[in-house]
Amino acid sequence: MEEPRTIKYTPKDFKSDQEVRWCPGCGDHAVLNSVQKALTELGIPKEKFAFISGIGCSSRFPYYMDTYGFHGIHGRAAAIATGVKTANPELSVWDITGDGDALAIGGNHFIHAIRRNIDINIILFNNEIYGLTKGQYSPTSNRGLMTKTSPFGTVEEPFSVGELVVGAKGKFFARTVDSNVTLSTQIYIEAARHKGTSVVEVLQNCVIFNDGIHEVVTGKDVREERTIILKHGEPMIFGKEHDKGLVLDGLKLRVVKLGEEGYNEKNILVHDAHEPNPGIQYMLANMKYPEYPVALGVIRSVDDHSYEADVENQIETIKKDATIKCMDDLLMSGSTWTID
Amino acid sequence: MAKNSKVIEREEVVIRFSGDSGDGMQLTGTLFSDTAALFGNDLSTFPDYPAEIRAPQGTVGGVSGFQVHLGHSEVHTPGDYSDVLVAMNPAALKANAKWVKPGGTIIYDSNNFSDKNIEKAGYKNDPIAEENLSGYNIIAAPISQMVRDALKDFGLDPKSVLRTKNMFALGMVYWLFSRKLIYTEQYFDKKFAKKPEIAEANKVALRAGYYYAETIEALSPVIKIEPAPIARGLYRNICGNTATAWGLLAAAEKAGLNLFIGSYPITPATGILEELAARKDLGVKSFQAEDEIAGICTALGASFAGNLAVTSTSGPGLALKSEAIGLAVMAELPIVVVNVQRGGPSTGLPTKTEQADLMQALYGRNGECPVVVIAASTPHDCFTYAFEAARIALEHMTPVILLTDGYLANGTEPWKIPSMKDLPEIKPPFADPKEIPFMPYKRDSENLARYWAIPGTPGLEHRIGGLEKTIKGTVSYIPENHELMVQMRAGKVAKVAARIPDMKVYGENSGDLLLIGWGGTRGYLMTAVSELQAEGHKVSLAHFNYINPMPLNVAEVFGRFKNRVVAELNLGQFADYLRMKYSDFSYRQINKVQGLPFTIREIKESCIKILEEK
């Protein structure tokens, strides 16, 4: 008899023997730690995790995880992960990707994975730059960013990850900051537990090619004023002094000061991540500094059909009444004739 | 039914049904083939249709054809030239008149030969005169008018009435070949069980055609082709795409694995995805991907997860999958890539056939990137080679490209149904869960395959990917390691040669000329060689199904013939490949790149020319 396997893990259990080769100070280190921490909380045996990635700095991630891992090709992680999950729905499948990998070369797979709502967890490291190729603008770089391929500033409009997820009929979208391990860990746990495609955008710092790009909102001194951590069922209040909130003003969100214009905790918007209509979640996901605080936390989390479960169910249903049960049955089916 | 008075027997006959792409010619041809097969003839069919679903009506570009070749003896091809042509409009005549044997029979719908239609087809005067068909048996049948008369009491709208024209024509052809109508009538009863008036209308049109032909004695004497002396057993008709799908299913069952197909619809490969999508009863997971790349990448993911994984495509799609095939080579995962070749490059001739993707299959990737390449050669042996592709992929942990073509994909032939118990077992090299730590690139010492550790197995957690690695799976840039791994991957593919059959020559083992072919041209080459042999020439055929690696006895076979002639539907890709692999020999070539198969006549003429050289 095999001994029953313990599924009490520590983050160390998920560390592989590979030397982590990201640059010192890179935000990726913190993401790795948060994910390893989150996995200990899920009660899933280690052999059931599969980490799939594309190409880019973040895509080295699977090598550092002592789980099943597949380092793919540029942009295709979502497709590979879709194949893994469809083939074996019992696996907990994670897609590790970046802004270039998921939104440029892999944009098609990204939106279609989301549209199908296959139960994979996509962690999108957004540093608004191509790091591994040494500093070219990405699909999330802000207009005007000067890089090696935009020496006079980009003239392209960036994607907003949350907007794209909602547009692709996404059911789960969350945003976190690389360095906030506590918030990140909680979000990864929620993403893993959500049935369907979960997209977590990590505002991640590239210390070499785009250092400090998120600092204006995530900096230690300013983050409480310039970000809001959303929690389902709680009023949308933020600020060092918990003195600011969000309200709906006509068809737009507006930042108000508590205690002014008659606003108080009771008439501030309450976050509903489970509301199927994405209207307000969409506005929250799109909030930009300086007009708004940047939203963190689970912005949208709606239960719906998941692809791999529907595939399994359809097969089971059809198998039940099928007259063809094996290959010999199929070979003999339809019109045949005998030659004597 | 009345008996035909004068009857002659023939060995074989070729019939071509042709009309507008909306005229139902594919169905007509299929129904005729089914009846012939049930009668016991050997046969081969070839549907030939335009890429456009409804090309401009009445134009040559919109002509859809279906050719059936049936015989009293074995039939290997759908035939070059037809004995009977059915032309539903002038365009169909224009497109096909040159393919009718001198003195053959041409049936056409005279109601459809209006001045307007004649002009549309590109004729200036009377088409029969313009085509110089005076020595032919021309039957101008007012088909449209006659179905209108026959169905006038049915209360159908005029469009529905005219839709039965093809059955009238089929009825005429049935009379010509003294065939029973019963199978076709049964088809309509089943197909339109819920619309009995439509079933009845088609049956009435069918009978009307039959009696019309009898009344006018359309062909005298009537032709009879006795059943072929085919091996005893249970038979069915099968087309190449279905056979391919079934071969993969059979392999999955033999390996005890679930079958996953990730594919994107593309002509002429779509039938494989469609057939497997319908096979939920056998547990197939079919994934219609967002693009060709996702097709293979989902398949690779499924392979990583432990399925028999497949992607199917045609030329342009294979180009898109190249990078992911490279990943499969590097990750050493089993995967079958089916490429149903069509005319290229680029979009090319989507509904026509060609063998010009050979070099793409062999070499179309970055880096030293060998894969196994095999090719099917008849519609029904697509089953055998799809099974083989999966067996090799699974047992040798390698991607395998299976080449078929548009001609095999849509062509049908009778197939003696195999029994699963007669197929070999497939044993993938699963990793031993007790051998910990698992080393992803440790190899079987004999065939160099790595071991397959399936996610979900405790203790075998490991990482693979596109970066070069050491045996332990550690990313490595060490120069010597890279070279070693490149050689290992090449060696692994080369070792497959030990698990494939020797090349068998069709005909004598030595002689003046060895005709060499590969893939879907086999029927033509075999027929040409048979005829040349019968005429006293010392000609044999070496036909290849295993392209990379090749059978071990190839050089020995080649050496026994004075001349080697490579016949293929491209500009000489296999010939060049042989020049590289077996450079001790010289090779002559027969090439054709018209989107059409060879004709037996052109193969024979080329061979005779070479044989007559001093």
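The questions and answers below walk through a predicted model with chains A and B.

Student: In what order do the seven strands of the open sheet in chain B stand?
Tutor: The pairing in this open sheet is mixed, and the twist averages 20° from one strand to the next. The edges are formed by strand S11 (285-288) and strand S20 (546-548) of chain B, each of which pairs on one side only.

Student: Which residue of S15(B) does Ala375(B) stand opposite?
Tutor: Strand S14 of chain B covers residues 372-375 and strand S15 of chain B covers residues 399-405, and the two pair in the parallel sense over four bridges. Within this pairing, the residue opposite Ala375(B) is Leu403(B).

Student: What angle does the direction of helix H15 of chain B make with that of S15(B)?
Tutor: Helix H15 (residues 381-396) of chain B packs on the sheet, where it touches S12, S13, S14 and S15 of chain B. Another helix, H12 (residues 292-304) of chain B, lies across S10, S11, S12 and S13 of chain B and runs at about 170° to S12(B). For H15(B) against S15(B), the angle is about 170°.

Student: Which element gives the most residues to the side of domain 2 of chain B that touches domain 3 of chain B?
Tutor: The domain assignment places domain 2 of chain B at 236-422 and domain 3 at 511-612, and 23 residues of domain 2 are in contact with 20 residues of domain 3. The elements giving two or more residues to this side of domain 2 are helix H14 (358-363), S14, S15 and helix H16 (406-410) of chain B. By class, this side has 14 nonpolar, six polar and three charged residues. The element that gives the most, with four residues, is S14(B).

Student: How far apart are the C-alpha centres of domain 2 and domain 3 of chain B?
Tutor: The distance is taken between domain 2 (236-422) and domain 3 (511-612) of chain B, two of the domains in the assignment. Their C-alpha centres lie apart by 26 Å.

Student: Which element supplies the largest share of the side of chain B that touches chain A?
Tutor: Across this interface, 56 residues of chain B are in contact with 53 residues of chain A. On the chain B side, the residues divide into 29 nonpolar, 16 polar and 11 charged. Several elements of chain B each supply at least two residues, among them helix H1 (25-39), helix H10 (240-255) and helix H13 (315-331). The largest share, nine residues, comes from H12(B).

Student: Which residue of S17(B) stands opposite His71(A)?
Tutor: Strand S2 (residues 68-71) of chain A and S17(B) pair in the parallel sense over three bridges, so that is a pairing between a strand of chain A and a strand of chain B. Opposite His71(A) stands Gly465(B).

Student: Which element gives the largest share of the largest nonpolar core?
Tutor: This core has 198 residues, and those with the most contacts inside it are Val84(A), Leu300(B), Val336(B), Leu402(B) and Leu515(B). Residues touched by Val84(A) include Ala50(A) and Ile52(A) as well as Gly301(B) and Phe304(B). The largest share of the core, 10 residues, comes from H15(B).

Student: Is Leu230(A) buried or exposed?
Tutor: Leu230(A) is found in strand S9 (residues 227-230) of chain A, and His271(A), 41 residues away in sequence, is 6.6 Å from Leu230(A), C-alpha to C-alpha. Beyond its neighbours within four places in sequence, the contacts of Leu230(A) include Met236(A), Leu284(A) and Ile299(A). A residue is buried if 20 or more other C-beta atoms lie within 10 Å of its own. Because Leu230(A) has 24 C-beta neighbours inside 10 Å, Leu230(A) counts as buried.

Notes: Residues are numbered from 1 along each chain as its sequence is written. Chains are lettered from A and ligands numbered from 1 in the order in which they are written. This is a predicted model: local features need pLDDT of at least 70, side-chain atom pairs count only at pLDDT 80 or more; totals for chains, interfaces and linings use all residues. Axes are lines fitted to C-alpha atoms, for helices over the stretch in contact, and angles run from 0 to 180 degrees between N-to-C directions. Two residues are in contact if their C-beta atoms, placed from the backbone, lie within 7 Å. Domain bounds come from an automatic or database domain assignment. Ala, Val, Leu, Ile, Met, Phe, Trp, Tyr, Cys and Pro count as nonpolar, Asp, Glu, Lys and Arg as charged, and the others, Gly among them, as polar. A nonpolar core is a set of buried Ala, Val, Leu, Ile, Met, Phe, Trp, Tyr and Cys residues joined through C-beta atoms within 7 Å. A residue is buried if 20 or more other C-beta atoms lie within 10 Å of its own, exposed if 12 or fewer, and partly exposed in between; C-beta atoms are placed from the backbone.
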